[in-house]
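Visitor: Could you walk me through this one, a question at a time?

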Amino acid sequence: MANKYSQIEAAMRLYFDGFYEGDIDALKQVFHPNCHLYSATTGTIVDDAMDAVYARVAAREAPAKRSEVRADRIVSIHFSDEATALATVEIGIGDKLFTDYLNFVRLDGQWRIISKVYTFALRAAAVHSEAAD
């Protein structure tokens, strides 16, 4: 059996590939059906259930179809115990670079995202701020 780090990394491959390719079936393998996505980046709280997320992904042209350069990486993975973890990741979609805080639970031997809190910056602003550092 693979260790818990490699299991989360495998889940993250589904996550990154699912968003890049617009593959909702891949995303459904990593997100728990009860998951919600939260953000306050625009000044108001956004609370999306998975049906809304899947509809949004299905409605937009996948980054892969636009030959968009991939910008995804795992920043960190923290385990509280054998059944809970927090992954911090970055993923670029269109003109936005997202920072995602993914709360995982391990159920029936599988790591699934149960909640996601995210923020984003415009890629040009993110590149400019990195250059200033």
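**A tour from helix to pocket**

Visitor: Which residue caps the N-terminal end of helix 1?
Guide: Look for a side-chain oxygen lying 2.9 Å from the backbone nitrogen of Tyr5. Helices here are DSSP runs of H or I with at least four residues, strands are runs of E with at least two, and both are numbered from the N terminus. The cap on helix 1 is Asn3.

Visitor: Before we go on, what kind of model is this?
Guide: Residues are numbered from 1 along each chain as its sequence is written, and side-chain values use heavy atoms, with hydrogens and water left out. Local features need pLDDT of at least 70 and side-chain atom pairs count only at pLDDT 80 or more, while totals for chains, interfaces and linings use all residues, since this is a predicted model.

Visitor: How far does helix 1 reach from its first C-alpha to its last?
Guide: Helix 1 covers residues 4-21, so 18 residues in all; the expected span is 1.5 Å times one less than the number of residues. The reach is close to that expected value, at 26 Å.

Visitor: Which residue just after helix 1 takes a positive phi?
Guide: Along helix 1 itself, the buried residues (under 20% relative accessible area; exposed is over 50%, partly exposed in between, with a 1.4 Å probe and protein chains only) include Gln7, Ile8, Ala11, Met12 and Tyr15. An α-helix has 3.6 residues a turn, so residues three or four places apart point the same way. Just past the helix, phi is about 70 degrees at Gly22.

Visitor: Which residue of strand 2 is the bridge partner of Ser39?
Guide: Strand 1 and strand 2 (residues 46-49) run antiparallel over four bridges, and two strands pair if DSSP finds at least two bridges between them. Six residues separate them in a hairpin, with Gly43 in the turn at a positive phi of about 100 degrees. His36 stands opposite Ala49, and the partner of Ser39 is Val46.

Visitor: Does strand 1 run parallel or antiparallel to strand 6?
Guide: Four bridges join strand 1 (residues 31-39) to strand 6 (residues 110-122). Phe31 sits opposite Ile113, and Tyr38 has Val117 as its bridge partner. The two strands run parallel.

Visitor: Which residue takes a positive phi in the hairpin of strand 5 and strand 6?
Guide: There are two residues between these strands.

Visitor: What is the relative accessibility of Ser67?
Guide: Ser67 lies in the loop between helix 3 and strand 3 (72-79). Its phi is positive too, about 55 degrees, though Ser67 is not a glycine. Ser67 counts as exposed because its relative accessibility is 61%.

Visitor: What volume does the largest pocket have?
Guide: On a 1 Å grid over the protein atoms alone, a pocket is an open set of points where a 1.4 Å probe fits, with protein on both sides within 12 Å along at least five of seven lines; lining residues have an atom within 4 Å of a point. Points are joined across faces, edges and corners, and volume is the space filled by probe spheres set on them. For the largest pocket, that comes to about 390 Å³. Of its 22 lining residues, those closest to the centre are Arg56, Arg60, Lys96, Phe98 and Tyr118, in a pocket with a volume of about 390 Å³.

Technical notes
Polar contact = N/O pair within 3.5 Å; in protein donor to acceptor, adjacent residues only side chain to side chain.
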